[in-house]
Amino acid sequence: MTLWSTFKIPHSLIILDTGVIKNTEVELTFDIADYPIQKWWPKTWYEAPISLREAYKYSAVPIYQDTASKINKKRMSQYLADFQYGNQDISSGIDNFWLNKSIKISAKEQVDFLQRLYNHKLAVSKSSLMQLKDIMLAETTKDYKLYAKTGSGGVAQDNALGWYVGFIETKKETYYFAFNIDGKSFKEVIKTRIDAAKEQLSLAGII
């Protein structure tokens, strides 16, 4: 399946580990000559420089396209091979391979990657991992902390895919999840993906 913005989890980790940026608070921009502003883009993507933390939160596509080009094809390929991440195919282009292009991943592969990430089984610095975990934090309650990323996009006419992937820390255990749902449109899946996933996590007694 197409990754969409769930790829921002490994992508952010690679950005930090390669030193493309020093930390999650560095202000980032992109060249509009390379990535012209689209009518459907939220203003948070281009109105002013934003940090990696904000780019992750708002799924700022052009920021991640720009940083992917700076990472370059050789380094990106090596990291994805080391991560054993999906089919590792970036042949469709260094700045778009995750946008319904060549790279694909299953729900099980998403979970396998998250487990390796959480258990420090990836060949990256501890600092990079800790900074990634910090920007992944989506919700904190007295019972758990939820770390996650959404991802959505059209895959065919009248068909869209929505993801919600991540992990949950409770007082006794850590749980990993990768939910995906189908819908007739992008708007439909972005409205339901998180609620649908959290409903299943609640039914399972995790949250």
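**Entry 1: helix H3**

I started with H3 and listed its buried residues: Val-61, Pro-62, Ile-63, Tyr-64, Gln-65, Asp-66, Thr-67, Ala-68 and Ile-71. I am reading a predicted model here, so I keep that in mind throughout.

I then stepped just past the end of H3, where Asn-72 has a positive phi of about 80 degrees.

**Entry 2: the nonpolar cores**

Next I asked which residues touch the most other members of the largest nonpolar core. That core has 50 residues, and the answer is Ile-9, Met-76, Leu-80, Phe-83 and Tyr-85. At least two residues of this core come from each of H1, H2, H3, H4, helix H5 (107–118), helix H6 (126–136) and strand E3 (159–170).

Leaving out residues up to four places away in sequence, Leu-80 touches Phe-7, Ile-14, Tyr-85, Gln-88, Ile-90, Phe-97 and Ile-103. I also noted another core lying apart from the largest one; this other core has 9 residues, among them Tyr-144, Tyr-164, Phe-177 and Ala-197.

**Entry 3: a hairpin**

Then I turned to two strands, E1 (residues 137–140) and E2 (residues 144–156). They pair in the antiparallel sense over 3 bridges. I looked for the residue that stands opposite Thr-140, and it is Lys-145 in E2. Together E1 and E2 form a hairpin, with 3 residues between them.

**Entry 4: Ser-102**

Where does Ser-102 sit? I found Ser-102 in the loop between H4 and H5. Is Ser-102 buried or exposed? Its relative accessible area is 13%, and the cut-off for buried is under 20%, so Ser-102 counts as buried.

I went through its neighbours next. Not counting residues up to four places away in sequence, Ser-102 touches Asn-87, Asp-89, Ile-90, Ser-91, Ser-92 and Phe-97. For Ser-91 I noted a distance too: its backbone nitrogen lies 3.4 Å from a polar atom of the Ser-102 side chain.

Thr-2 and Ser-102 are 100 residues apart in sequence, yet their C-alpha atoms are 8.3 Å apart in space.

Methods. Residues numbered from 1 in each chain as written. Predicted model: local features only at pLDDT ≥ 70, side-chain atom pairs only at ≥ 80, totals over all residues. Heavy atoms only, no water. Buried < 20%, exposed > 50% of the residue type's maximum accessible area, 1.4 Å probe, protein only. Helix = DSSP H or I, 4+ residues; strand = E, 2+ residues; numbered from the N terminus. Core = buried A, V, L, I, M, F, W, Y, C linked by side-chain atoms within 4.5 Å. Contact = heavy atoms within 4.5 Å. Pairing = 2+ DSSP bridges. Polar contact = N/O pair within 3.5 Å; in protein donor to acceptor, adjacent residues only side chain to side chain.
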